[in-house]
Amino acid sequence: MKRLLLSLLFITCHLSFSSVAAQDHKLWYSHPANHWLEALPIGNSQLGAMVYGGTDTEEIQLNEETFWSGSPHDNNSKESLQYLPEVRRLIFEGKEEEAAKLLDQHFVKGPHGMRYLPLGSLKLKFGHTDVTDYYRDLNLGSAVATTHYLYNGVKYERTSFASQADNVIVVRLKADKKGALSFSVGFDSQLQSNVFTVSSHEGIPSTVYELAAVIDGQDHEGIKAGLKAECRVLVEADGKLERGVNSLSVADATIATLYITAATNYVNYNDISGTPVKKNNQALASVKGKSFDKLLKAHLKKYQEQYSRVVLSLPKSENSSLETDKRVVAFEKDASDLDLVALMMQYGRYLLISSSQPGGQPANLQGVWNDKVNAPWDSKYTININAEMNYWPALVGNLAETQEPLFSMTRDLSETGAKTAKEMYGCRGWVAHHNTDLWRIAGPVDATPWGMFPTGGAWLTTHIWQHYLYTGDKQFLAEYYPVMKGAADFLLDYMQTYPATGEVKQAAGWLVTVPTVSPEHGPVGKRTNVCAGSTMDNQIAFDVLSQTLKAAQVLGDNSQFSILNSQLEKLAPMQIGRHGQLQEWLIDGDDPKDEHRHISHLYGLYPSNQISPYSHPDLFTAAANTLKQRGDMATGWSLGWKTNFWARMLDGNHAFTIIKNMLHLLPDDRSMRQHPAGRTYPNLFDAHPPFQIDGNFGVSAGICEMLVQSHDGAVHLLPALPDSWNEGEVKGLRARGGFIVDEAWQGGKLRSVVVRSTIGGTLRLRSYWPLQGKGVKPASGQCPNPLFAPADIRQPLHSPELKDFSTLAIRPVYEYDIDTKAGGSYTFKFD
């Protein structure tokens, strides 16, 4: 990944840091946080903190990314292989309920995944009540949280950031009157912990002391705790600093600085021999002797190398200056504050930078932030949609290096999942189901309706191919090709030929996954979602097999061509059902009045590229019908996916409707009855409810997809611009083929485009408006750049009961080809 990181640094140089400051995107409030969903998140991937901004007591709630319950283990059933033939027979005969019982009894055995745990909270007690001129904010351009207020005529200010350059959280406290700063420092944890203080170290002045806490991990579902965490807080002050048994106190100071770090004994999924004390010593030693200003400067340089690559400017309104939670409330009635949309896009990028960096763990269901010992869904990695959604903004949002932890986890799963594939199914390759955790479990969890999803790991490998399409990095592709091939090998063994005697007659001869489910949703007429060949599985299988075949061709591995090509031809085609919908299953079992949050069978529309208005307008129309049948309201994460769906439908107005549905305030989880449509918390975290961070990432990616797309044979400029987004500008979005795109529009029309090429090759532009520019020539036929290649799928089938089915009208486009060179910049204007 070092080569990747160096290439990304080259990409950033076209944007200055000043452009970030010009946007001035902040979350701000006139009162301290009353609960966790009002606190502000900061993080550097390994460490996460929620800053409350209190005046009587400040709370900084802490997380460390490797602090989980349990210890190394697997959850593979030792009984499944024996019952696999019987389960398949029952499913093919239409006896899915009987099959589901066997699956629950013999396949989903547990344990069901470990919990992501909170460290605890740092408590700073000031005793400041009845303050005035209170203000707190989180500046997305700097990743710095500030709090300031007046108390007894003194202005107090706190500045907090999780350094992207050093593995510490830094908190600077200041009073504008000499000697007016006094407070105590303590630590609380919901878990068993030992809190103590450390006297000054040799060579460190007596104005520096440390608070330390050792926190015990948890046993869970029969798996013994294997982790301990140590949190260290170094306190430096220019006043009097005293040490208690389990707290420190600062008196008569003007400036104080806290350096917070934490670590566990985790090394990797099967090694817990690390030494947290040693890790923390190294982290604190690295900042020793560095001034606050120097630490802040290093943090800003590191953070802004990523954040400043993309700028989105949309019109503001008088509501743009409101406090953030009040701004969301105002947006529900008046959506003219389009800068709030730009803020949400950048907030998603901010959260991804802050929770996923090379060398760390992937962003989990809550990123890196969690205050509960028993978090919703254990805050694990749900890989039937949620973990993948976390990384949707990474490529188009120009944050490619944030994917490295996801790739690393996928590689880990290819190792643990190889054992699962062999033991549970007798297959080659590797498998992971719908959920995993720090220990990289790969067997099914929870119960059959959720857990019997054998393509979660396969889906993860598609991110590898997408990274290649965006970067053209063959070295990266070669490194991860074995992971892709392993997922393909599993599918080749696991899939079965649908028998002629099966319940679904037209499926005879098709190659399908069995047993499987369509995630969390079943068809009309069946009392289980267990099935053979769900549409989502068929689409994932197509992507994995075809992408592995293409990767093999790029890398010169000719041994895979025959088997992959022949099996691709046997995959089940997509089907359009009697209601004009895209079928979710082999049977026509969709209910047009069902508004279920999972729309898994539209994976082929997004994030895949199998449903195209240009090559398959019938499938495109069926996808639109499905979306209309499922409705415009859903859980928060589902709204994030729907934003991308409607962007891919080239319907900006409908995509904006979904965004507006997401931007309804939910003050807290206790007020769900009073605010049933609430999908955004006061700190702009996404509300399922409860909190899931994937919705933040999903809507961020969706806004980018509204502005540029590159999955279907060309770079499509402003493909889904809403009518109300009359003017604006975006810089730095990435497109497949190694291109970086800047666009400006006015009067709802594209005015100018600048495209930078990082690797050279043919650039095909698609536009609703004619363009002029040097080297522009009208395009014809398929684009010669293979990084833009559309999906070559089987022709879909139409239900014989389908009546009055007319395909959607597609807006005419202009297409142009431009020959580019690596490092070149190309400017185009509306004719």
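The model is predicted, so local features need pLDDT of at least 70 and side-chain atom pairs pLDDT 80 or more, while totals for chains, interfaces and linings use all residues. Residues are numbered from 1 along each chain as its sequence is written, and side-chain values use heavy atoms, without hydrogens and water.

On a 1 Å grid over the protein atoms alone, a cavity is a set of points where a 1.4 Å probe fits but cannot get out; a pocket is an open set with protein on both sides within 12 Å along at least five of seven lines; lining residues have an atom within 4 Å of a point. Points are joined across faces, edges and corners, and a volume is the space filled by probe spheres set on them.

| Space | Volume | Lining residues by class |
|---|---|---|
| Largest cavity | about 420 Å³ | 17 nonpolar, nine polar, five charged |
| Second largest cavity | about 130 Å³ | eleven nonpolar, no polar, three charged |
| Largest pocket | about 780 Å³ | eight nonpolar, 16 polar, eleven charged |

In these classes, Ala, Val, Leu, Ile, Met, Phe, Trp, Tyr, Cys and Pro are nonpolar, Asp, Glu, Lys and Arg are charged, and the others, Gly among them, are polar.

**Cavities**

The whole structure holds seven cavities of 30 Å³ or more. The largest is lined by 31 residues; Thr462, Gln466, Leu469, Pro607 and Arg736 are the closest to its centre. Helix 13 (456–471) is among the elements that give two or more residues to this lining. Its share, seven residues, is the largest. Helices (H or I, at least four residues) and strands (E, at least two) are DSSP runs, numbered from the N terminus.

The second largest cavity has 14 lining residues, with Glu96, Glu503, Cys531, Ala532 and Ile587 closest to its centre. Helix 3 (80–92) and strand 23 (530–531) each give two or more residues to its lining.

**Largest pocket**

Here 35 residues form the lining, and Ser45, Gln357, Pro358, Gly359 and Gly360 are the closest to the centre. Elements giving two or more residues include helix 1 (2–12) and strand 16 (255–264).

**Ser757**

Ser757 lies in strand 29 (residues 749–757). Ser757 counts as buried because its relative accessibility is 1%, and buried means under 20% relative accessible area with a 1.4 Å probe, protein chains only. Leaving aside neighbours within four places in sequence, the contacts of Ser757 (heavy atoms within 4.5 Å) include Gly738, Phe739 and Tyr826.

Methods. Buried means under 20% relative accessible area, exposed over 50%, partly exposed in between (1.4 Å probe, protein chains only).
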